Amino acid sequence: MISFDWINLLPLLSSFIFALAFIWSKKYLAMKQWDLLVTARVFITALFLGLLLLLIFPNQHLTFAKLHFFAREILGYSLISVLLTYFLFYYSLKRLPASQASTLLLFTPLAGLFYSSFFLKEKIFSYHLIGGFLIIVGTIIVNLHLRHKKELIKYKLLQKSHHS
């Protein structure tokens with residue numbers, strides 16, 4: 001029997017929230033200081049997560065070792081991986097249409113699959129490979145369609161300007 005746990009919906013909810021933030025952020029990337037926006041977002045998130053951890057685990061006594069762990073792991077994680085990730089992502093979002101940049105995010109589960117296999121020694125099953133293949137094929141098809149659509153629009157605008 002297949003069991004269902006509501007916790008399985010959290011990654012789905014997370015992806016919907018990220019997509020909303022993604023679209024919301026696109027309109028602010030025209031700012032001259034877009035890199036400042038990305039950096040501030042990462043720092044605020046790191047501080048918020050730290051405060052949230054203190055609220056979730058209120059009975060934990062703060063020691064120097066725990067504060068050192070927080071500074072090294074949480075802030076280090078935020079500054080290196082998240083800041084770099086967001087910077088690269090928003091840099092591409094500033095230069096690509098949102099629809100094209102969002103399809104490239106489909107590689108995230110595929111990368112997670114291989115990273116979990118390499119770093120955590122988790123097994124990769126045939127259905128993972130089939131899913132990964134479908135992700136790659138789907139992403140290629142969508143991006144080729146978007147490129148074709150873009151070229152078609154340019155062609156129509158060019159014809160329209162010649163007839164005017």
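This is a predicted model: local features need pLDDT of at least 70, side-chain atom pairs count only at pLDDT 80 or more; totals for chains, interfaces and linings use all residues.
1. The protein is built from six helices and has zero strands, and from the N terminus on its elements accordingly read α-α-α-α-α-α. Residues 24 or more positions apart account for 76% of the contacts with a separation of 6 or more.

2. Of the 164 residues in the protein, 16% count as buried. The protein exposes about 13,300 Å², and carbon and sulfur atoms supply 74% of that area.

3. Helix α6, which covers residues 126-163 and has 38 residues, reaches 55 Å from its first C-alpha to its last, close to the 56 Å expected at 1.5 Å a residue. Its buried residues are Gly132, Thr139 and Asn143, and these pack against α4 (98-104) and α5 (107-120).

4. A search of the whole structure finds three aromatic pairs. Phe118 counts as exposed because its relative accessibility is 56%, and Phe119 counts as exposed because its value is 58%. Ring pairs also link Tyr115 with Phe118 and Phe119 into a cluster.

5. Phe125 and Tyr127 form a stacked pair, with 5.7 Å between the centres and 10° between the planes. Phe125, at 39% relative accessibility, counts as partly exposed, whereas Tyr127 is exposed, with a relative accessible area of 55%.

6. Charged side chains also meet rings in this model: Lys121 lies over the face of Phe118, at 5.4 Å from the ring centre, while the charged end of Arg95 sits over the ring of Tyr91, 3.9 Å from its centre.

Technical notes:
Residues are numbered from 1 along each chain as its sequence is written. Side-chain values use heavy atoms; hydrogens and water are left out. Helices (H or I, at least four residues) and strands (E, at least two) are DSSP runs, numbered from the N terminus. Buried means under 20% relative accessible area, exposed over 50%, partly exposed in between (1.4 Å probe, protein chains only). Contact means heavy atoms within 4.5 Å. Accessible areas come from the Shrake-Rupley method with a 1.4 Å probe; for residues, only the protein chains shown count as cover. The expected span of a helix is 1.5 Å times one less than its number of residues. Rings of Phe, Tyr and Trp (its six-membered ring) pair if their centres lie within 6.5 Å; planes under 30 degrees apart count as stacked, over 60 as edge-to-face and the rest as tilted. A charge sits over a ring if NZ of Lys or CZ of Arg is within 6 Å of the ring centre and within 35 degrees of the ring normal.
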